[in-house]
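Student: I've just opened this one and I'm new to it, so could you go through it with me?
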Amino acid sequence: RFTRFGSRVYAMGGNETEATNAFREAAERAQRYVDIKSDDAKALAELGWYRANLGQRDVARQLIAHSEALGGEPAEVAMNNAQSLARLGETDEARKRIVAARSAGIADYRISGNPVLRGILPGTGASERTGEQGKTE
């Protein structure tokens, strides 16, 4: 949609500054789009992902809530919001969105192959290893 460069840099373990700059650029582009088309649930969810990666927790949470309230493209919205919530450390909420994404038709390979979600999938033990207990707000 806008740019997945930041996500690719992150997945490949790239330079943090490079990833941050890519997420900032993506957020700026996405923001311009949603300023015009504020009823695009998927775009709002993607913007939430960019904001989560920029450490803008409150804005990301607002975008997650708004994208879900709109009800459009439920599979993609749930997938994007699962990533955002995982990035924010809200494991339990992210897992709920994974269930919703699967129910809405997202293929398992997209979930298990996602580097952000892979670590919170049941049976991975990642949350136990890092000491996270599924924070929620």
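Student: Which residues of α3 meet which residues of α4?
Tutor: On the α3 side they are A41, L44, A45, L47, G48, R51 and A52, and in α4 their partners are V59, A60, L63, H66, S67 and L70. Contact here means heavy atoms within 4.5 Å.
Student: How do those residues divide by class?
Tutor: The contact of α3 with α4 has nine nonpolar residues, three polar ones and one charged one. Ala, Val, Leu, Ile, Met, Phe, Trp, Tyr, Cys and Pro count as nonpolar, Asp, Glu, Lys and Arg as charged, and the others, Gly among them, as polar.
Student: Before going on, what kind of model is this, and how are residues numbered?
Tutor: It is a predicted model, in which local features need pLDDT of at least 70 and side-chain atom pairs count only at pLDDT 80 or more, while totals for chains, interfaces and linings use all residues. Residues are numbered from 1 along each chain as its sequence is written, and side-chain values use heavy atoms, with hydrogens and water left out.
Student: OK, at what angle do α3 and α4 pack?
Tutor: The angle is about 165°, with the axes of α3 and α4 8 Å apart; axes are lines fitted to C-alpha atoms, for helices over the stretch in contact, and angles run from 0 to 180 degrees between N-to-C directions. α3 and α4 are therefore roughly antiparallel to each other, a term for angles over 145 degrees, whereas those under 35 count as roughly parallel, 65 to 115 as roughly perpendicular and the rest as oblique. Their crossing is left-handed, meaning that the near helix is turned anticlockwise from the far one by less than a right angle, while clockwise would be right-handed.
Student: And how do the axes of α3 and α5 cross?
Tutor: The axes of α3 (residues 41-53) and α5 (residues 74-87) come within 9 Å and cross at roughly 15°, which makes α3 roughly parallel to α5. That crossing of α3 and α5 is left-handed as well.
Student: Which residues make the contact between α3 and α5?
Tutor: From α3 there are A41, K42, A45, E46, G48, W49, A52 and N53, and from α5 there are E76, V77, N80, N81, Q83, S84 and R87. By class, this contact of α3 with α5 has five nonpolar, six polar and four charged residues.
Student: What about α4 and α5, parallel or antiparallel?
Tutor: The axes of α4 and α5 come within 10 Å and cross at roughly 160°, so α4 and α5 are roughly antiparallel to each other. R61, I64, S67 and E68 in α4 meet V77, N81, S84 and L85 in α5, and these residues divide into three nonpolar, three polar and two charged.
Student: A45 keeps coming up, so is A45 buried or exposed?
Tutor: A45, which sits in helix α3, counts as buried because its relative accessibility is 0%; buried means under 20% relative accessible area, exposed over 50% and partly exposed in between, using a 1.4 Å probe and protein chains only. Leaving out residues up to four places away in sequence, A45 touches S67, V77, N80, N81 and S84.
Student: Switching to the core, which residues touch the most other members of the largest nonpolar core?
Tutor: Among its 28 residues they are Y50, I98, I111 and L117. At least two residues of this core come from each of α2 (16-36), α3, α4 (57-70), α5, α6 (91-103) and α8 (115-118). A nonpolar core is a set of buried Ala, Val, Leu, Ile, Met, Phe, Trp, Tyr and Cys residues joined through side-chain atoms within 4.5 Å.
Student: What is I111 in contact with?
Tutor: Setting aside neighbours within four places in sequence, I111 is in contact with M79, I98, R102, I106, L117, R118 and L121.

Technical notes: Helices (H or I, at least four residues) and strands (E, at least two) are DSSP runs, numbered from the N terminus.
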